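Student: I would like to go through this model with you and ask, for each label, what value and what cut-off stand behind it.
Tutor: Then let us look at it together.

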Amino acid sequence: MNQGQGSQYTYAAYFWELYYGWIRLANDVISSIKPVVEGEDDPDPELKHILGQAYAYRAMCYLDLARLYEPKVNDYTDVRKVLGLTVPIVDENTTIEQTKNNPRVDRATIYTFIFNDLERAQEYIDASFKTYSQPTLMAIYGMYARAYIELGYSDDPAFPAKDSFRKAADYARKVIDESGRTPLTQAQWEDPATGFNNGAANNAWIWGLTTTSENLNNLLTFISHMSGEAAWGYARYAQFGVSKRLYDAIPDVDWRKHSWLDPKREDYYAYKFAGDEKDKDDFLNGMPAARDYQALKFRPAQGECSDYNVGNPGDFCMMRVEEMYFLEAEAMYHLDAAEGVKLLQDFIKTYRYSSYDRIKAGADEKTFLTELLLQKRIEFWGEGILFYDYKRMDMGITRSYPGSNHAGVYKLNTVGRSPQWNIVVTRREFQNNTGITEETNNPDPSDKIKLES
């Protein structure tokens with residue numbers, strides 16, 4: 001909504017306090033196990049594996065933080081004073097005193113730290129470990145691909161663009177070739193009991209978080225916030241959905257379009273809804289009745305619409321193999337444009353719909369990236385992938401247009417990047433850490449975008 005996103009508001013604190021809380025947990029594991037593993041000639045394989053996982057989790061957190069907080073140039077706020085700055089590093093050796101004067105490090109420093117963690121994770125994690133519910137060697141390769149694609153756009157002399165794009169493409173291809181994972185099928189995508197809530201029900205997920213009824217309640221869950229078919233949740237009333245503009249851009253032959261409720265509805269009364277006929281009717285016609293374009297992608301666990309103890313404990317996808325196909329295509333375009341276009345074409349034609357012809361050989365960079373992002377928006381809506389793409393590719397927001405289904409308070413259009421994507425360091429941090437000041441914080445993006453009519 002372009003409001004209340006400065007350092008004094010909850011929004012700014014949310015990212016910071018969650019991620020550094022998770023990092024603290026990883027640091028605790030590393031500090032307790034590392035001396036044992038490194039102090040033995042033949043350390044316990046299980047301890048080595050756990051240590052590797054802790055490094056993987058920490059790398060994931062710092063990669064997200066680097067992408068969230070590194071300011072990118074935009075037309076709305078002046079970021080020249082803080083260009084290249086990311087976040088402070090707190091590792092297993094950081095003391096309380098050091099955290100009181102711990103400045104934001106530059107891009108090269110944070111990515112070097114991330115790569116060091118990934119290298120140690122790769123060294124210690126059991127390569128034969130295949131589960132999706134914990135970090136594996138394939139998840140590590142996937143994080144390398146995510147990191148290097150960012151550096152390809154950075155113009156950082158420590159990480160030359162061509163080399164970074166090459167490594168991003170190579171790591172993405174390693175996941176595709178070595179993981180044994182295959183993209184979701186239409187049946188898996190649309191399954192009313194396991195669709196996007198059960199990593200064991202498909203062969204696409206590389207990494208996901210699992211939950212149980214014992215560590216959830218009725219409302220503080222992903223399912224309750226994202227699955228409109230779950231009668232107990234916030235999503236039933238928030239009615240999250242897709243932009244009409246995006247929905248209209250998806251051809252009917254692309255079955256991913258079934259992720260949202262078609263306003264014509266005729267075909268959708270035959271759709272496989274979660275639950276029984278009463279659950280279906282309650283969703284479509286109850287109070288409130290389902291809205292046009294409302295999401296159907298994230299189903300309640302086991303297709304249970306009424307009992308939150310059963311319907312809430314769904315898995316949350318953190319990485320699936322499809323992302324690697326897109327990262328490879330994006331990286332390769334910057335090395336060999338024709339090959340990048342072909343990779344995107346091949347993925348959509350092979351795994352989504354065979355008549356795909358939206359992008360042609362010889363497409364310029366803007367055309368290619370716009371189409372790539374369109375396909376990623378369709379593919380990864382609601383999965384937490386797209387934020388980083390928009391920020392990296394310097395794409396804009398378009399929510400005000402003829403026939404828009406966005407509420408008025410959200411009708412923001414930007415030219416290129418939104419200033420909101422440069423997350424602001426929370427005031428609580430720089431009140432306790434003299435290494436960060438108002439001068440070295442990202443500028444407040446609040447109210448910088450004109451609300452459209």
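**Labels and their cut-offs**

Tutor: Asp155 lies in the loop between helix H5 (137-152) and helix H6 (161-178), where helices (H or I, at least four residues) and strands (E, at least two) are DSSP runs, numbered from the N terminus. This is a predicted model, in which local features need pLDDT of at least 70, side-chain atom pairs count only at pLDDT 80 or more, and totals for chains, interfaces and linings use all residues. Residues are numbered from 1 along each chain as its sequence is written, and side-chain values use heavy atoms, with hydrogens and water left out.

Student: Why is Asp155 called exposed?
Tutor: Buried means under 20% relative accessible area, exposed over 50%, and partly exposed in between (1.4 Å probe, protein chains only). Asp155 has 71% relative accessibility, and therefore counts as exposed. Its phi is near 60 degrees, a positive value in a residue other than glycine.

Student: What makes Asn2 buried or exposed?
Tutor: The relative accessible area of Asn2 is 3%, so Asn2 is buried. Asn2 lies in the segment before H1 and, although it is not a glycine, has a positive phi of about 70 degrees.

Student: How do you know that the span of H6 agrees with its number of residues?
Tutor: The expected span of a helix is 1.5 Å times one less than its number of residues. The 18 residues of H6 should therefore span 26 Å, and the end C-alpha atoms of H6 are 25 Å apart, which agrees.

Student: What makes the buried residues of H6 line one face of the helix?
Tutor: The buried residues of H6 are Ser164, Phe165, Ala168, Ala169, Tyr171, Ala172, Val175 and Ile176. Seen down the helix axis, they fall within an arc of 165 degrees, so they line one face of H6; the arc is that of the directions from the helix axis to the C-beta atoms. Lys162 and Asp177 are exposed on the other side of H6, while the buried residues pack against H5, strand S1 (205-209) and helix H13 (321-333), contact meaning heavy atoms within 4.5 Å. Gly180, with a positive phi near 75 degrees, follows H6.

Student: Why is Gln294 called buried, and which residues does Gln294 touch?
Tutor: With a relative accessible area of 2%, Gln294 is buried. Not counting residues up to four places away in sequence, Gln294 touches Gly228, Ala235, Gln239, Phe240, Gly241, Ser259, Trp260, Leu261 and Phe283. Gln294 is found in the loop between H11 and H12, and Pro288 is found in the loop between helix H11 (277-285) and helix H12 (308-311). Met287 and Pro288 are joined by a cis peptide bond, with omega about 0 degrees.

Student: How do you know which residues line the second largest pocket?
Tutor: On a 1 Å grid over the protein atoms alone, a pocket is an open set of points where a 1.4 Å probe fits, with protein on both sides within 12 Å along at least five of seven lines, and lining residues have an atom within 4 Å of a point. The second largest pocket has a volume of about 640 Å³, a volume being the space filled by probe spheres set on the points, which are joined across faces, edges and corners. Of the 23 residues that line this pocket, the closest to its centre are Tyr20, Val90, Ile96, Thr99 and Glu429. The largest share of the lining, 8 residues, comes from H1.
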